[in-house]
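Subject: Structure handover and notes

Dear colleague,

I am passing on the structure we spoke about, with the sequence alongside.

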Amino acid sequence: MTSMNPNLVKVPRHGDSGSLATLQVDMIADLACPWCYLGKRRLDDALLAVHGPTAVSWFPFRVNPQVPAEGMSFHEYLASRFGTSDRPARALDDLAAAGKAEGIEFRFEAIRRIPNTVDAHRVVKLAEVEGVAVTAVAESLFKGFFEEGRDLSQRDALVELGERVGLTSRGINRTLDDPASRQEVLSQEAQIRKSGVTGVPDFLINRRLLVMGAQDTDALVNVFDRAMFGEESDRPVSPVVH
């Protein structure tokens, strides 16, 4: 795992009640994006450095919204993105090495199809409604796709992966049968794109600092410090952090 910054983030107290301020992280991600899986694991590590309450919210962004509802062949997807050169193999090898450093066993050879992840994002939204840990649901979906080769465009896969972390098959099926839940995800994604987001993962810290990309753990901890104690802590909006 990435080494931990020794300077732990002590979340400041506020108000007369002595209650601790909450560090809020809004993660914008796609559930079939390997860099988002890496970013999620690094975020998990960074949050361990916070002495105080934290809250993580997830927002949908499909890297490949053009993929049909039934998904597409992984090999066809790689060819359309990289051509017929050896670039795909090199890129996957680099990702596999980065994953091992975060405890992720990327098994790209097990992936047969690239999904359209709108339904997977609907399952994450269901977790918010049901009070199930959203990060646990996201982790299950990431692990199912990248380490087990499960097809996130298939309902049975979504049901099984959701049930592993506390969702029910009844709740998942009800959600996936509800057109309103699909529209909610698509509308939220459209708003995110309209705001200027063009790639993921992104992390919005305390609604003030936007961190772009799968930054390492130490970088995230430093941004937490800036958001809670730096000049940006009193601003409604601050610059993007690269």
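Predicted model: local features only at pLDDT ≥ 70, side-chain atom pairs only at ≥ 80, totals over all residues.

A pocket, as the word is used here, is an open set of grid points where a 1.4 Å probe fits, with protein on both sides within 12 Å along at least five of seven lines, and its volume is the space filled by probe spheres set on those points. With that in mind, the second largest pocket holds about 210 Å³ of space. Its lining is made up of D26, I28, F59, Q188, Q191, I192, S195, V197, L204 and L210, which divide by class into 6 nonpolar, 3 polar and 1 charged residues. Strand β2 (23-29) and helix α8 each supply at least two residues of this lining, and α8 gives the most, with 3 residues.

The largest pocket has about 390 Å³ of space. Of the 22 residues that line the largest pocket, P34, W35, Y77, R81 and L95 lie nearest its centre. Helices α1 (34-47), α2 (74-82), α3 (87-101) and α5 each contribute at least two residues to the lining of the largest pocket, with α2 giving the most, at 5 residues. By class, the lining of the largest pocket has 19 nonpolar, 1 polar and 2 charged residues.

The mean pLDDT of the chain is 89, and 86% of the residues reach 70 or more. Over residues 1-7, however, pLDDT stays under 50, and the model gives this stretch 22 contacts beyond four places in sequence. Residues 14-18 also have pLDDT below 50, and there the model has 4 contacts beyond near neighbours in sequence.

The peptide bond that runs from V200 to P201 is cis, its omega being near 10 degrees, and P201 is found in the loop between α8 (179-194) and β7 (202-205). Further along, in the loop between β7 and β8 (209-212), lies N206, whose phi is near 55 degrees, a positive value in a residue other than glycine. R207 is in the loop between β7 and β8 as well, and its phi, near 60 degrees, is again a positive value in a residue other than glycine. Is N206 buried or exposed? With a relative accessible area of 11%, N206 is buried, whereas R207, at 48% relative accessibility, counts as partly exposed.

Lastly, there is helix α6, which spans residues 155-163 and whose buried residues are A157, L158, V159, L161 and G162.

With best wishes

Key: Residues numbered from 1 in each chain as written. Heavy atoms only, no water. Helix = DSSP H or I, 4+ residues; strand = E, 2+ residues; numbered from the N terminus. Buried < 20%, exposed > 50% of the residue type's maximum accessible area, 1.4 Å probe, protein only. pLDDT = per-residue confidence, 0-100. Contact = heavy atoms within 4.5 Å. 1 Å grid on protein atoms, 1.4 Å probe; cavity = no way out; pocket = protein on both sides within 12 Å on 5 of 7 lines; lining within 4 Å. Nonpolar A, V, L, I, M, F, W, Y, C, P; charged D, E, K, R; others polar.
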